[in-house]
Amino acid sequence: MKSANMDTLVVTGTTAAYLFSVYNTFPTISWHNIYYDAAAVVITFIILGKYLENKTKGKTSSIIKKMLELQPKMARIRKDGNEIEISIELIKTGDIIVVRPGEKIPVDSIVLEGSSAVDESMVTGESMPVSKKPNDIVIGGTVNKEGVLVIKATKVGSDTILSQIVKLVEDAMGRKPPIQRLVDKVAGYFAFIVIAIAVTTFMVWYVATTGEHRIATSLIPAVAVLVIACPCALGLATPTAVMVGMSKGAQNGVVFKSGEALEMLGKIKVAVFDKTGTLTQGTPQVTDVIAIKIPHIDDKLDNLNNKENKILEIAAIAEKNSEHPLAKAIIKKAKEINLTIRDSTEFIATPGKGATAAYKNYNIIVGNQNQMKDEGIDTKAVEESILQLQKGGKTAVLVSVDKEIVGIIGLLDTPKAGAKDALAKLKSKGIEIVMLTGDNERAASAIAKDLAIDRVIAEVMPSDKVEVIKKLQQEGKKIAMIGDGINDAAALTQADIGIAIGSGADIALEAGKVVLIRDDLIDVVAAIEISKKTVNKIRQNLFYAFVYNAVLIPIAAMGFLYPALAGLAMAASSVSVTSSSLLLKRWNPSSKKTILHL
């Protein structure tokens, strides 16, 4: 779509001055009507302003450039018992790399040997070095501070976390937020309004003056109006602030996938948190095993002297192929006490309920009460035991063999360190906290009480979370959904802003509009602070740009501003707005100043 912009005003003004000067040059020159200097100087100042803008705008993305420079040029790999140095571009997945103290970790890897503290501040915003031991993940570009680490490359090239962060931020910088689209539309209308003001200025001066130089006397104020009203400062107000905001987010481990996400996040009034893995550790522990009846399903199982262990082993048979956190906790406990986990057949997982498997000629079901009811299994006899576990904030998993309850396993998932403090900070900003979980009401309420959460929506199937978000949106408030980006993908997409929180390996999650590199809830607070600060800076810049035009257009129309000076003032306004955005680089989220992650 064709529309007027800043170039329209400058071209119209300088062309008018130039053509008028040409007209008065030939055949006989009239020195009083020559304004080549005005046209030339205005264009010179415009070019100078553009140069200064590009210089200052270039600084807004310096964080991204610094991130690209984080990776070392060379790496030391172990091959055939020898250590050799190769270019980082030659590293392949699976290569064994040796990183000494003070050296940068070249690519995303897993620690094989050694322990150390790694400075991850440039990538994740983590203020303190993070201790690393075997099986821990290390991020390319971070700095090994203490011991020698032997690591195995897991992601190289464009697959590394650092490369993905840079790509996401660069893509986001190219997308206009809603406020910028509005500004562009206003600037288009503004240009036509200014042209009308310039024509009116010319007509008023032409009528008010007499003599042979009345055209020149009328033309110069009109040209000054066109030049001084050039809305380039208006056009720079938003993108420069967005670029710095995006960079500041990346510096603090927050990736905004679009300018719209950056603008919208600061407007949310309700934050909906998934429970397991988001508010809690996501690694529940088996705390109780209650044996109701011991079925004789296998001679080997019958040889176990401990009846609780028999229940655990039966449950482990069914859960062996499951990826659910509760299933993994049961398998982990079985392995800790050296139980043999036998293979099952016909494994079927029911999301949000449990799992069914066949072992020999027996049907084993492991799941919650809803799963048992769906299978037609009576749970009345064990409801008191279930209630006691739930009162302690535990999740009760029932175990049945051939449609008869044989045992109950209690599991406890504790809140994350710092979760309560992060939620308190969100509340202090006027944001309502809602916990959304598939767990039972009593267990969910126990966690909510510990974290001081007033509103709990429990026993929600993964597929039903979208409907819950829709109902909350019908209350007329902007909703942010915070989850791990896997089971909560649909809900993250439905929310006004989806925040995917992870350990870094899931940086490319498509579901969330905002991605947090670290698995730390304080970064939710930091993301909101960055959003609000950036939007406030945009508004401040727009105010400066509008006030500048509102004050100087009348001055130019009255003839007090020569076109060349108008060009200089216009260029200065553009640079001042850009410089205002650069001040954001000195600011840091208050949540990052007050929290030390030890």
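Helices (H or I, at least four residues) and strands (E, at least two) are DSSP runs, numbered from the N terminus. The model is predicted, so local features need pLDDT of at least 70 and side-chain atom pairs count only at pLDDT 80 or more, while totals for chains, interfaces and linings use all residues. Residues are numbered from 1 along each chain as its sequence is written, and side-chain values use heavy atoms, with hydrogens and water left out.

**Exercise 1. Aromatic pairs**

Solution. 

Step 1. Rings of Phe, Tyr and Trp (its six-membered ring) pair if their centres lie within 6.5 Å; planes under 30 degrees apart count as stacked, over 60 as edge-to-face and the rest as tilted.

Step 2. Phe202 and Tyr206 are stacked, with 6.0 Å from centre to centre and 20° between the planes. These two residues are four apart in helix α6 (residues 178-208), so about one helical turn separates them.

Step 3. Accessibility comes next: buried means under 20% relative accessible area, exposed over 50%, partly exposed in between (1.4 Å probe, protein chains only). Phe202, at 23%, is partly exposed, and so is Tyr206, at 30%.

Step 4. Phe543 and Tyr544 have ring centres 6.2 Å apart and planes at 55°, so this pair is tilted. Phe543 is exposed at 52% relative accessibility, whereas Tyr544 is partly exposed at 42%.

**Exercise 2. The largest nonpolar core**

Solution. 

Step 1. A nonpolar core is a set of buried Ala, Val, Leu, Ile, Met, Phe, Trp, Tyr and Cys residues joined through side-chain atoms within 4.5 Å.

Step 2. The largest core has 54 residues, and Phe256, Leu265, Phe273, Leu426, Ile499, Val514 and Val524 touch the most other members. Helix α20 (residues 522-557) gives the most to this core, with nine residues.

Step 3. Apart from this core lies another, of 25 residues, including Val286 and Leu411.

**Exercise 3. Two packed helices**

Task: Describe how α16 and α20 are oriented.

Solution. 

Step 1. Axes are lines fitted to C-alpha atoms, for helices over the stretch in contact, and angles run from 0 to 180 degrees between N-to-C directions. The axes of α16 (residues 419-428) and α20 come within 8 Å and cross at roughly 25°.

Step 2. Angles under 35 degrees count as roughly parallel, over 145 as roughly antiparallel, 65 to 115 as roughly perpendicular and the rest as oblique. Helix α16 is therefore roughly parallel to α20.
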